[in-house]
Amino acid sequence: MKAFNKKIFIKQISDNVKNMYRKNLEEASQEELFQAVADAVKNMIMDDWIATQQVMEKDEPKTVYYLSMEFLLGRALGNNLINMTAYAQVKEALEEIGLDLNTIEQQEPDPALGNGGLGRLAACFLDSLASLGYPAYGCGIRYRYGMFKQQIVEGFQVEVPDNWLKNGYPFEMKRPEYCYEVRFGGHVRMEMREDGNMDFIHEDYQAVNAVAYDLPIVGYNNHVVDTLIIWDAQPEVEFSLTSFNEGQYHKAVEESNLARTLVEVLYPNDEHIQGKELRLKQQYFFVSASIQRAIAKYKKHHRSLKQLPKKVVFQMNDTHPTVAVAELMRILIDVEGLSWDEAWKITTQCVAYTNHTIMAEALEKWPIDIFERILPRVYQIVDEINRRFVLDIMDRYPGNEDKIRSMAILYDGQVRMANLAIAAGFSVNGVARLHTEILKNESLKDFYEMFPEKFNNKTNGITQRRFLAHGNPLLADFVTKYCGKGWETDLQKTRKLIAKADDPKVQKEFMEIKRENKKRLAKYILEKTGIEVNVDSIFDVHVKRLHEYKRQLMNILHVMYLYNRLKDNPDMDFVPRTFIFGAKAAAGYRNAKNTIKLINNVADVINHDVSIGGKIKVVFIEDYKVSNAEWIYAAADVSEQISTASKEASGTGNMKFMLNGALTIGTMDGANVEMFEEVGEENMFIFGLSAQEVIGFERNHNYRPGDIYNNDPDVNRVLNQLIDGTYSHGDYELFRSLYNYFLNDRPDNPADRYFILADFRSYIQTQEKVAAYYRNRSAWAKSAIMNVACVGKFSSDRTIQEYVDDIWHLEKIKVRTSLF
Ligand SMILES: *Cc1c(COP(=O)(O)O)cnc(C)c1O
């Protein structure tokens, strides 16, 4: 960015308002002002963006293509300004013309091109790649409708379409020159060439064009601007009614329908995949376009494809983009004319796979008939990869059917995408140490035995630039005051706080900042829900996607238990607490949606019971998303990370709370284990079964939640309150399916699959410790500061550096811009 010139910047905003809206500054709405300011900021980014692309063109550094179906970006305006280190200057310039940057920022829609953690991880990774100066492209889909907007109506979730492009998105740029054909359906005809090799000719297909839109990913204070490419689909031929015969006309209509529906919606399922045809088409669409672009770029400099692995690496974020394996093979063989062996050698050096889950319902499997019908040529290639791979397995384990059953790519009428990725990828990584160990020793044991060298761990991380510098400016200033500048690119610098954590003055300062952030959130809660909360109560926060394994149900049962105790003993010593929830549920996920309704009904009863003197409040924040998440993390005292051990691969919410000085109550799951190691047992509250214990129960089928229900009167009472009308105006049926979840034992769906009752007593006791600890203001403040001090490991800068060192092997680029 050129040196900031306030006068020019202000002039540009008023010019923009004039040109875009035929208005003067004073006449423009806040939304119009946002568009005008964002455009001016994009203009400030442009020189660095051009310079970065020129360096990449000239030096041709090895580049990572991060393939991800989701990028949960959050708002860009404020974050770009932070990374350009121009936030304060722009804020001041806007004040001069009577504008408030905060208000303007809040006009921006969240580009919600993701569901939850996986998509947010991809966004944090791009931020770190650019900030560390690595050449990278994110590759995804330009969904017309992102994650639905959630409304709560009478306690129920209602899904409203998120038309985020309605007013135009100022940071995207259409790149019509990057346009690639992607084909679906049809047949493959084989033809013998003169040299005796076979040609595979794809016929009768439907085609759409993938057109690139670029979004800038601004690095922190280093002039590097990487690119996120999101692909739009357009029909190939603009058809006219008269110039086509009937057959062509129908094909044109079909293709234009296909183009429209392909990028229409993001599937709002997290950790659960339905085998929908359209989703497979979406996957192939963006993967094919991204690979075509990477190869076209490479071929500007090279004639032979042999060096491709020296220049390009594709990181496959979960199973969603793993059709990349076969698509790269197809292009190398059918388009570039390589032999199978040459193509395989290149492909297996170019693709790497990140596993995000051990839960079967989240690993993609496609019925072979669907896969073959939609992608006939790609299927042939998968079939051949599988044939050769099964031969390798039989070679290694003669006569061992079990190994084929567990590792074959095609099995039982299905294409198993994880198996394709592991067979072909040169790297397979898990996302936290415990998760990687479970992959190696349990769920991917056979693969690990066959390919131990492929497996590695990359514990997830988060960007401190968004979740501290932008989301919590007061705490950011506090960190700068005691640790100096530099934590923005080296989060280990917060360690200097360890020496200050005992200092009463520093503790007081920290607690005042926390209180200010609680006030900011309390105001937001009041505006959105009408509920008044006590900022001196414990803000106990559980925000993340609604899923049974994340156990929001356990949390609300505990609230019901506490309420029972208060009702029984109105005079008991009780530390006031505000339980804050935020979560979207997939539209068809019954238990998840019922849990939202239960939380809201419990809130309704408790918040209106004057007899408890406001000691408990329950709040459900509607439409949890990155922009309100930034405020929520900043205001939390307690972070709920209570997944069933072994189920949460890593979690990243846990790290964002830690960064903002919340104390975690959690299970030994995912990255909680490593947080515990970093921050120490005196600064974190651990409870519940271990991953090994959970896996043991699952293996031996010897967990009996009914026994706990029968023998623990507190458990018995809260479960019965689900069906006695306490929280449903006398309706016994409303929450019966949640009650049944605990007690209905079926072979395919055992009672209390997520071990809530097993952990409930331990959760109660640990929550009692939390309350007692909160009374000791100094001890609490010290622990909170220690969380900030020990969070360094969980920067996504560390994660990305490990990917670079162990998997991608990239060199940093240097971008110089003329300052004047
Ligand atoms: C970080 C984040 C998540 C992931 O949270 P977990 O607690 O790790 O599941 C989901 N949604 C949003 C908006 C986030 O910022």
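Which residue is the bridge partner of Val 208 in strand 11? Pro 235.

Okay, some ground rules before we go on. This is a predicted model, so local features need pLDDT of at least 70 and side-chain atom pairs count only at pLDDT 80 or more, while totals for chains, interfaces and linings use all residues. Residues are numbered from 1 along each chain as its sequence is written, and side-chain values use heavy atoms, with hydrogens and water left out.

Helices (H or I, at least four residues) and strands (E, at least two) are DSSP runs, numbered from the N terminus. Two strands pair if DSSP finds at least two bridges between them.

So, back to that bridge. Strand 10, residues 206-218, and strand 11, residues 225-235, are antiparallel partners over 11 bridges. They sit in an open sheet of 9 strands with mixed pairing, in the order 7-10-11-4-1-12-13-17-18. Strand 7 (173-184) and strand 18 (455-457) are at the edges with a single partner strand each, so one side of each has no neighbour in the sheet.

Now the helices on this sheet. Contact here means heavy atoms within 4.5 Å; axes are lines fitted to C-alpha atoms, for helices over the stretch in contact, and angles run from 0 to 180 degrees between N-to-C directions. Helix 32 (residues 796-808) lies across strands including strand 1, strand 12 and strand 17 (427-430), at about 120 degrees to strand 12.

Last stop, helix 30. Ile 756, Phe 760 and Tyr 774 are among its buried residues, buried being under 20% relative accessible area, exposed over 50% and partly exposed in between (1.4 Å probe, protein chains only).
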